[in-house]
Amino acid sequence: MLLGLNHLTLSVTDLNRSIRFYNELLQLRLDATWDNGAYLSVPGLWLCLSLESLSTPAAGYTHYAFTVAAEDFASAVARLRAVGVAEWRDNRSEGASFYFLDPDGHKLEVHVGDLASRLQACRDKPYVGMKFYP
């Protein structure tokens, strides 16, 4: 069913500080920014930073996403729903996504698409304040 880790989304309280940390200190490539987030990458990892005001990181959008093939998405979701996993969010972005909790409450997602398809969708319909970087 799963093909690998798709992306990691981290809730952050200071977007500019987090961009500096991941881009300048850890040297992830800065791919795009917008008013409430950023996409960064290194080979094999797509990192999304999501600006939120929150009391604890667990209260936010931090989650782990796994890649699933488009042709397997519906059956993967059906299998997860059949065993009664809790859903924690509706999909609001490019690519088919199903957001669910593991037995310990960790936030997970199965996702169709990758950073390239997300960036193309954002170029077609950018988020507020979005900028792209080479």
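Among contacts in the chain between residues at least 6 apart in sequence, 55% join residues that are at least 24 apart. The model described here is predicted.

**The chain as a whole**

The chain holds three helices and nine strands. Read from the N terminus, its elements follow the order β-α-β-β-β-β-α-β-β-β-α-β. The radius of gyration is 15 Å, close to the 14 Å that the globule rule gives for 134 residues, so the chain is as compact as a globular protein of that length. Along its principal axes, the C-alpha trace spans about 45 × 35 × 25 Å.

Of the 134 residues, 40% count as buried. The chain exposes about 7500 Å², and carbon and sulfur atoms supply 55% of that area.

**The largest pocket**

Rolling a probe the size of a water molecule over the atoms shows where empty space is left. In this model the largest pocket contains about 290 Å³ of space. It is lined by 17 residues, and those closest to its centre are Trp 34, Tyr 61, Arg 89, Ser 93 and Tyr 127. By type, the lining is made up of seven nonpolar, five polar and five charged residues.

Which strands each supply at least two residues of this lining? They include strand 1, residues 2–12, and strand 4, residues 45–51. Strand 4 gives the largest share of the lining, three residues.

| Residue | Relative accessible area | Class |
|---|---|---|
| Trp 34 | 13% | buried |
| Ser 18 | 9% | buried |
| Asn 16 | 51% | exposed |
| Phe 100 | 8% | buried |

Trp 34 is part of strand 2, which covers residues 29–34. Trp 34 is also among the residues closest to the centre of the largest pocket. Is Trp 34 buried or exposed? Its relative accessible area is 13%, and Trp 34 is therefore buried, as the cut-off for this class is under 20%. Leaving aside residues up to four places away in sequence, Trp 34 touches Leu 15, Tyr 39, Cys 48, Leu 49, Tyr 127, Val 128, Gly 129 and Met 130. One of these, Tyr 127, is also listed among the residues closest to the pocket centre. Glu 109 stands 75 residues from Trp 34 along the chain, and their C-alpha atoms are separated by 22 Å.

Helix 1, residues 15–25, contains Ser 18, and Asn 16 lies in helix 1 as well. Ser 18 has 9% relative accessibility and so counts as buried. Asn 16, at 51%, is exposed, because the exposed class begins over 50%. When residues up to four places away in sequence are not counted, Ser 18 touches Val 12 and Leu 49.

Ser 18 and Ser 50 are 32 residues apart along the chain, with 9.9 Å between their C-alpha atoms. Asn 16 and Thr 33 are 17 residues apart along the chain, and their C-alpha atoms are separated by 9.9 Å.

Phe 100 belongs to strand 7, residues 97–101. Its relative accessibility is 8%, so Phe 100 counts as buried. What does Phe 100 touch, not counting residues up to four places away in sequence? Its contacts are Leu 80, Val 85, Ala 86, Glu 87, Trp 88, His 106, Lys 107, Leu 108, Glu 109 and Val 110. From Phe 100 to Leu 25 the distance is 32 Å, C-alpha to C-alpha, and the two are 75 residues apart in sequence.

Definitions and conventions:
Residues numbered from 1 in each chain as written. Predicted model: local features only at pLDDT ≥ 70, side-chain atom pairs only at ≥ 80, totals over all residues. Heavy atoms only, no water. 1 Å grid on protein atoms, 1.4 Å probe; cavity = no way out; pocket = protein on both sides within 12 Å on 5 of 7 lines; lining within 4 Å. Points joined across faces, edges and corners; volume = space filled by probe spheres on them. Helix = DSSP H or I, 4+ residues; strand = E, 2+ residues; numbered from the N terminus. Nonpolar A, V, L, I, M, F, W, Y, C, P; charged D, E, K, R; others polar. Rg over C-alpha atoms; globule rule 2.2 N^0.38 Å. Buried < 20%, exposed > 50% of the residue type's maximum accessible area, 1.4 Å probe, protein only. Contact = heavy atoms within 4.5 Å. Areas by Shrake-Rupley, 256 points an atom, 1.4 Å probe, with all protein chains shown as cover.
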